[in-house]
Each structure stands twice: as structure tokens, then as C-alpha cells.
Amino acid sequence: MQHSVLMGTQPDGLPLSETLLPQYLNKLGYRSHMVGKVKKTMAFPNWMGVKVAWEGRLSEMPLLHLLFSCRHLLYQLVIGPVVGGSPSDYQFQSSQQKNKGGMMKNERNICIFVEQIMHSMQDNVIVGTQEYGLPMNEMLLPQYLNKLGYRSRMVGKWHLGMFKWEYTPLYRGFESHFGYYQGCEDYYTHTYEANEDQWGLDFRRNKELLWNCTGQYSTTLFRDEAVKILEQHNVSEPLFLYLPFQAVHSGNGDGVHLQAPKSYIDKFAYIKNIQRRTFAAMLSALDDAVGDVYDTLRKRDMLANSIILFTTDNGGPANGYDNNAANNFPLRGVKFTLWEGGVRGVGLVHSPLLKKQGYVSKQMLHVCDWFPTLISAAGGQELLKNVTSLDGVDAWEMLSSNGQAIRSEILHNIDPTAVNAGLRVGDYKLLVGNVNMDWDGWYPPYQLSGDEQNLHYLNFTDDVTRSEPQMIQAYRQEMVREYRSNWPASVHERLLELYSYAEQSDLYTGPYARLGLGLSDESITTANENFDLQFKPERNLDRSGLKLPLMKDASLVGGTPVTLKCGPKPKNASTNCQPTKSPCLYHIPSDPCEYNNIAASNTEIVTKMLKRLAEYTKTMVPPANRPFDDKGNPRHHEGAWVPWK
């Protein structure tokens, strides 16, 4: 039963040779009854996970491409590895490392789509009935903006605590909220599963549960709500709209992980891998939703005085991490790690209020900088003077004019539970302790049908940078054969049988279908004749139907991609850093992919950075994590997630 789950009329089941628990208990005189779902539990090796990033073409995402082209791209935006709530959720909202998005004043509207050690939020995320949240002594971004006359509205994901009403959006500065409280949920049923014992509805308007949205895609619901807010807003008042969409986060762990309407999935038939295809569909739906919000701002003549911030909140969960299909390649690591793939993100600021537009910002910016930056952009400099213990710095002038960098140091995290830490000072980055070496690889996005089911072979070598197609082709074939040699004959027979289902369902398509399922050498040879590791070329973006209002500079960035130069990858790239034994040091400008641990030859720098970490540690408050409290279980609240304290 190790491959997938039973579906429909598949002639399969738990072998009758197996005697089950009730059969044994009956022998002891028990009367066995069952209520609910027949289910089997499967344990997979770590490599059986799935996660992907966008493989869409820019012509399919016109609005996001337009926004990136017209204003400027944030190239070194440093985000959280995912701790506390959603890491950037709180670092954005306050400035001791908290965050998120919306619209502002001066009279400026601010639209946002999307340091923990001082908030007790540095270890993991809030899950289910854990009774803690962002401390109540912290004032959030909307609470400060409200003092400037803003109307603060929120649509989407919260994830900053919900065990008491006082921790929820309406008590933290927002006058309305449409969305959900927990960290993830099903895109269509809007139910959240913390674990197999805690499951229920998590969807509401303000404090009222919404039971009638089942079957409606969350991206569409959030788009419609945001558009309605903009259409009904009194334009004489400044607005802060915080719009953290659910996309492209994974759904429930025990459900369908990546979800999108079929009409969007069908747009990306050229993407052979079904996980990547679905991920692209999710992003395309998000792009359309952002486009509708943008169009509404334009129709209401609000763009001239608006700031749009579009940002990620953590690195991508690549290669199956968190059941997703994101792509950080060629950066190292994934979400929830301190590697660059976990903490380095991209974003954009779009506004006619910027003094300089159409450029790529390469200055370092930390997620907690958004708090003072947006307050400053709203004309709240006097408010900032009264904010104590401010970790973020005001970067508005830097971003507006492409000015000098305003920070040279970033504390990525100190987690006393996981026993790890990460620090960036100038060009150098230090990693110490258990920095999740299980997910420290360089993960190219899935390319073939079946990559998400079997090993992504190229991840098992340091030679993923080979450029010669013949060498890659031969090496992959070698890895396929080596891996398959460990399978017993019964596995091969079962895969042949499964392939017949795959053909009928059209789940796996193209010349790689049999290769993806690990079939005959002849099939592998045939597939490899057409093997191509290169990503699909992007189509030329047709801008004829797009309007570019209020641009001070008619020149566009165009479609020129931002590139990373990693340099040659040494054979020991995967093994030269062992941070549980000794600190690892990287020079990020010359080695953004973290190939070369240079700690041994730079002991003086390591010593100075360790002392700096020790200084940060002295200011750290203990993690606030709490155990699960069954009083909050949805089974006690008519099947819904509600505050229970």
C-alpha cells in the first residue's frame, strides 16, 4: 500500500492475508464497531515529499510582470525562515521583526499583498490549539496607521494567534477581516486540519463563521472581497488594505496539497509535471486576482496616491517540503531553514510616489523594516519617534531614490529549542547549530512527469551545474538505473500496472511518463533521447492590452531576468559545512548559493560574529510555544475553529 491511495474503482485493497486489530480483539470477546472513514496510515522517506515554485510563462502572468516592470524589484529582501506565526506575518506588522501588507496616507493609500527573538515567536509556528500568539504588548502596523486617520481592512490569512479573541484582527487594529485564522487550509472547503484529531471550519467574516463558502476557491473569494472594499471606500479617507492571499501555500497535510481551478490548470498543459502545472495555475489565478485589485484602484482614481507592496513571506518550500513544489534554485535550502533559499525573497514596490522607478534594488532589506518604512511613507515620522525597541529601519527614502543602503546587519534567528542561529554582518553570513541539514540541498524544480513521486535524481549530486546536455542525460540515466536496482521485482510489476491507470487518466504525459514511473531500461533510453533539463522559454509578453498609468519614466525593466552568479560548485559543497560541530561562514556577494564554507580561513571574522550573536542572545526572550489544549478542539465547538479562552 506504499504508492498513493485507493481511488474510485481501482481493484485494490489491504491484502486479505492481513489480520486486523478488530479481528484479534473479537477473539478476546470484544464487539467491534466502526464509525467514519476507513483509512490507512503511510510513512514515507523524507525524499517522498513534494513542493514546487512557479514555472509559468510571463505571458500567463501579465499583471505581476507589469508591476515588476513599471516600478522596482527588491533583490535582497531578507525574510523569516518561518517561525512563530508566519514569520513575516508578525515582523511586518510590528518592527521588532514582524510583517505584512496593505494601503496608506499622506493622504496615501497603501496596498500590501501578502525580530522574532523579542516576541517569543522564534521557534516553529502556531499550530491548532496551541494557546499563544503575538504578545498583546506589541502594537501593530494598522494600530499606528489608524492614528494617522487610516481605515485599516484585512482580507486573507492571519496566523498570529486565535486562542482568545483579543489576539485576532479586530482587536489588533483592523476594522474588518474576511478570511481565516490558522496557518493553512483547504482552498475549497476552508477547513483546517492541525492533526488527525483536530479538524474543522476556519473561515469567517469578522467574528461570524461562514459555512456557505464550500466549493468556492479562496483566491477568488479574497479577490472579490478586496475589490468590494475598494469600490465602497470613501476616497477622501486614506486606506490600509492588508491582503495576504492563501496562494500559493499548501493546503491541509492530509488533503489535496496544491489546488487550482481546472480552467487554470489546463492553461499550463506544456508543463509536464502535474505538481508544477498546478502550482503555475495557482499563481496564474493569483495574478488575475491582483490584476482585478489593480484595475479597481485605477477605476476609482486611487493609483496616483497609492503604494502597492507585493512580497513573499518566506523562502519557497521546494522539492516536496511541506507538500509543495516551490523553486529556490540555485539558492540553497528551503522554507523553514536559515539557508539563503529559506530567508532570501523577492518583492516589489509599485507607486507613482517613488522618485526613481524601473530599477532593481540590491540593498539589503529585512522584513521588519517594512513597519517603519510604511509608517514613514504615510507621513508618520513623528509617530516613529515614540516607538521604543525598534529593530526595523526606515527605508522609504532609500527605496524611493535608490539611495545608499540603510542596514548592514541582519539577525536571521536564534532558536534555543532547535539550537541554531543565523547572522548576516556586511557581506558575511554565519550559521551555527542545527540549521536543518536534512533540507540543505540545491533543488531544481520538477521537470518530468513523476519527479514528485520518485527521487529527483539530480538532487543527489553536487554536479547539478553541468551544462553539457549529453553528460546530464547520461548521468541521469545512470542514477535512474542505480536507484531502480534496489527495487524488488514486485515493485516493477506494480508500477507497470499503475502506468496503465496513468495512461487512462492522462495524469502523466509526454515521453517521460514511463521514466517517471521507473519502468524498463528501453523506455528510459527512449525518454532520454528527448531529455532536456532546460526550463521552458518564456513567450514574449504582449503589452498591447496593458495600460501603464502615471509613470514618470516611460522606460521599462522589460523582461530581463535577475541572475545569480554562484561560481563553480566544489565536490564537497554538501559536506564542507557541519554547523553542529563548528560555525560555518559564507561570503554571500561572491557565493550566494553557499557552496564554500570559509570559516577555517577567516577565524577572526567568525569570532567577531559569534560575539555579536552572544550580544543578541542576551536580549532574547524565551519562546512562547505552548502544548495543545483540547478545549480548543473543533469537536467541542460544532466543528469549527473558534477562540476558546
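Okay, housekeeping. Residues count from 1 along each chain as its sequence is written, and side-chain values use heavy atoms, with hydrogens and water left out. Since the model is predicted, local features need pLDDT of at least 70 and side-chain atom pairs count only at pLDDT 80 or more, while totals for chains, interfaces and linings use all residues.

Confidence next. pLDDT is the predictor's confidence per residue, from 0 to 100. The chain average is 76, and 67% of the residues score at least 70. Residues 97-106 fall below 50, yet that stretch has 95 contacts in the model beyond near neighbours in sequence; contact is heavy atoms within 4.5 Å. Residues 498-558 are also below 50, with 122 such contacts.

Now the sheet. Strands are DSSP runs of E, at least two residues; helices are H or I, at least four; both are numbered from the N terminus. Strands pair if DSSP finds at least two bridges between them. Here we have an open, antiparallel sheet of 4 strands, ordered S14-S15-S16-S17. S14 (409-415) and S17 (584-587) are the edges, each pairing on one side only. S15 (420-425) and S16 (428-433) share 6 bridges, and Val425 sits opposite Tyr428 in S16.

Last, Thr219, in helix H5 (residues 218-232). Buried or exposed? Thr219 is buried, at 1% relative accessible area; buried means under 20%, exposed over 50%, partly exposed in between, using a 1.4 Å probe and protein chains only. Leaving aside neighbours within four places in sequence, Thr219 contacts Tyr187, Phe245, Ala247, Ala285, Leu286 and Ala289.
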